[in-house]
Amino acid sequence: MIFAIEEINNSTEILPGVKLGYKIYDACRDVLLALKSAMALVSGQEEEQLNGESCLRSSNVLAIIGQSSSSPTVGFATALGSFHIPVVSHGASCACLSNKKIFPTVLRTIPSDYHQSRALVQLVKHFGWTWVGAIRSDNDYGNYGMAEFINIAQQEGVCIEYSEAIFRTYPRKKFLTVVDIIKSSTSKVIIAFVSFNDLEILLKELFLQNVTGLQWIGTESWISAKNPSIVEYYRIMSGALGTAASSTIIPGLKEFLVNVRPSSTPGNTGLNKYWEFLFNCTPLRNDQTESLPFCTGSEDLNEVNNQYTDLSNNGYSSNVYKATYAVAYSLHNLLACQNYKTADTNSTCSKQLNIEPLKMLQHLKTVNFTTGNGENFYFDENGDPAAKVKTYDLVNWQLNKEGVVEFVTVGAYYSFLPEGSQFMINNDSIVWSGTGKKVPDSVCTDSCKPGTRKAVQKGRPACCYDCIPCAEGEITNMTDSTDCLKCLSDYKSNKQKDQCILKEIEYLSFQEMMGMLLVLLSLLGASLTIFVTVVFYLNKDTPIVKANNSELSFLLLFSLILCFLCSLTFIGRPSEWSCMLRHTTFGITFVLCISCVLAKTVVVLMAFRATLPGRNVMRWFGPFQQRLSVCAFALVQVIICTIWLSKSPPFPNKNMQHSPEIIILECHLGSVVAFYAVLGYVGILALFCFVLAFLARKLPDNFNEARFITFSMLIFCAVWLTFIPAYISSPGKYTVAVEIFAILASSFGLLFCIFIPKCYIILLKPQKNTKKNMMGKMPLKSV
């Protein structure tokens, strides 16, 4: 500040002819001392020690620069608010000071902690930390700053495991309690919104208990504080990272600092003790209290390399520099020859004006100037510095080869940039606590891998969760997903539940073993039937073929061939035509088959009745009537199938309800009523045929065809009665296989029971193939 005032007083471009004076008070970061000093400035009289004598002089304070911390600034700014004396702080960053209704006279050159809180949250998010601890000073700075940080952190998905307050006047028991909380916590990152005076006491207790391995994230109040105790505590604070007030180069400041000399002026002796510490000599001859030799005068601060001469992290100095120039430019605008001019254009401004503090405040709010390093500076509507340049430096604690702790700038934060691009960080240059170049982890729960979703644990923060595998048919392909996405209907989730894959399509195909076996049985049945047809045709004039009504037998054999072959329509990928064909063909061919068997049964009964004296019933059921009955029975089934196909035909369908893993390609029946009407009609004919054959089973012929029809119908009915429950309960392609099996089994039953005995006689027992043998009577005790 002194450097800036001397620079202004020696300048001809700002406040020509006006000299600025200053009074410096040391408030020791104490609210009461700050209030006492401020009230002395505005009371109208201020006490001053000059040449050992006390004197009173009129006070003419136009602005107060300070304080370095928030609570003292809040205290005296509240007390001085009614006097309208502007307060320009270089270090009070509490977000509460932006409230112009409560603090209308406060302006500052340091950014509000609103930006710092957001910067810390973005820093935590940048490195993937979601589970952190928090320590704050129990004052305006710590409480307001931490409250803002926690509020923003919770919105951004960062959880706070604990938040503890400390203050330098608290008893040791309180600090030990905080140490125990830190030791028992699972978070590895600590956000410290504290002043160094408070933090130093906590560090001492952590040092005594050797609490290491924690990553400290600091604020501008301590992260770049050049304190001698830093080296001692570096073991527990190594790799500390935080936001510091943005440093700028102030031309001439370094030369000014190294040319300062001790003074004997009362109130300006602060450098004397420091001089004794640096050079081990006393600068004043009249100081006989010390046993140090008198300095020679050749001592040179240029040869000193310590925190006094190190301007690498001079954020506060830069803020004081800008605050002093803001006051000077405001006064320049207020006085710069606007209210008083002489004929000489080079004349100075009036020094006779009685400047009101309120006018000074109004000009401060609108001041706009460019600093020596080219930075344009002005205050926004909240009295905060306008965010047009770098807001904070990102500082990292590192130990150099000489064992000295250095504050290395590893990045910067620009609050005016869009979120996501505000931080510019050189990750490779950061040294981390205990891990060197590896970023430490600090999460309550490890990230949920793809294929799982987060489920918050009851009673715990949102960052603590369980990773629940996605349900069948759902996936997540991102980490830490809160919901699983449902796959499309044709897709299923893979084993890892991180990708949707096509479901397996299931149908009875010609290529699989079961399909090939059923095709083989179908062709075998058709071949056997053709063989029997050929045998019957070659022996059509023999008694056994004639006795079995050769016309109906050939029609029955033809229908059996169709029955065997219709089963092939059930195999293969269902299509619109195959679905309509398979059930209608099956229904019609089986009705044709059963109709033939029924006609043969009736013929047997009629033939027997015709042999009785006086009976001539065969003329009522001759060949024409037999053909007509078969056609009539088949026509009924054709009509049922026609109605079925016209109203609600079967169609290909993807069955996805049976299993989430597969798609079953099947033929939907369309009309279930029509399907069971077809089956029911076949069943009625079969049952009727079975009853008639059963009644004729003991007719006294040597060759009783009714007995074989009875067996065939018994097999037929048994197969189809067991088919219904098996059809309903079988899953997927096995439903089709059951239906094919029923068709083949009943067809083989008819073929074997009706025609194999005849083929046996024709081929192996031709001596029995005579009319006499056919007309002979059965033994009295026949099976």
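The model is predicted, so local features need pLDDT of at least 70 and side-chain atom pairs count only at pLDDT 80 or more, while totals for chains, interfaces and linings use all residues. Residues are numbered from 1 along each chain as its sequence is written, and side-chain values use heavy atoms, with hydrogens and water left out.

**The nonpolar patch**

- Leu517, Leu520, Leu521, Leu524, Leu528, Phe752 and Ile756 make a nonpolar surface patch of about 590 Å².
- Patch residues have over 30% relative accessible area and no salt bridge; nonpolar side chains (Val, Leu, Ile, Met, Phe, Trp, Tyr) are joined within 5 Å, and like charges within 9 Å.
- Accessible areas come from the Shrake-Rupley method with a 1.4 Å probe, and for residues only the protein chains shown count as cover.
- At least two patch residues come from each of α13 (513–538) and α20 (733–764), and α13 gives the most, with five residues.
- Helices (H or I, at least four residues) and strands (E, at least two) are DSSP runs, numbered from the N terminus.
- Leu520 sits in helix α13, and its relative accessibility of 56% makes Leu520 exposed.
- Here, exposed means over 50% relative accessible area, buried means under 20%, and partly exposed is in between (1.4 Å probe, protein chains only).

**Helix α20**

- α20 bends by about 40° at Phe755, and a proline, Pro757, follows within four residues.
- The bend at a residue is the angle between axes fitted to the seven residues ending there and the seven starting there.
- Of the 32 residues of α20, 23 are buried, so this helix is largely enclosed by the rest of the structure.

**Salt bridges**

- The whole structure holds 10 salt bridges, each a side-chain nitrogen of Lys or Arg within 4 Å of a carboxyl oxygen of Asp or Glu.
- One of them joins Glu164 and Lys174, with the closest N and O atoms 3.5 Å apart; Glu164 is in strand β7 (residues 159–166) and Lys174 in helix α6 (residues 172–184).
- Glu164 is buried at 17% relative accessibility, whereas Lys174 is partly exposed at 26%.
- Glu375 pairs with Lys322 at 3.4 Å between the closest N and O atoms, linking parts of the chain 53 residues apart, and both residues are buried.
- Glu661 and Lys492 also meet in a salt bridge (3.4 Å, N to O); Glu661 lies in the loop between β23 (651–655) and β24 (662–668) and Lys492 in strand β20 (residues 491–493), so the pair ties together parts 169 residues apart in sequence.
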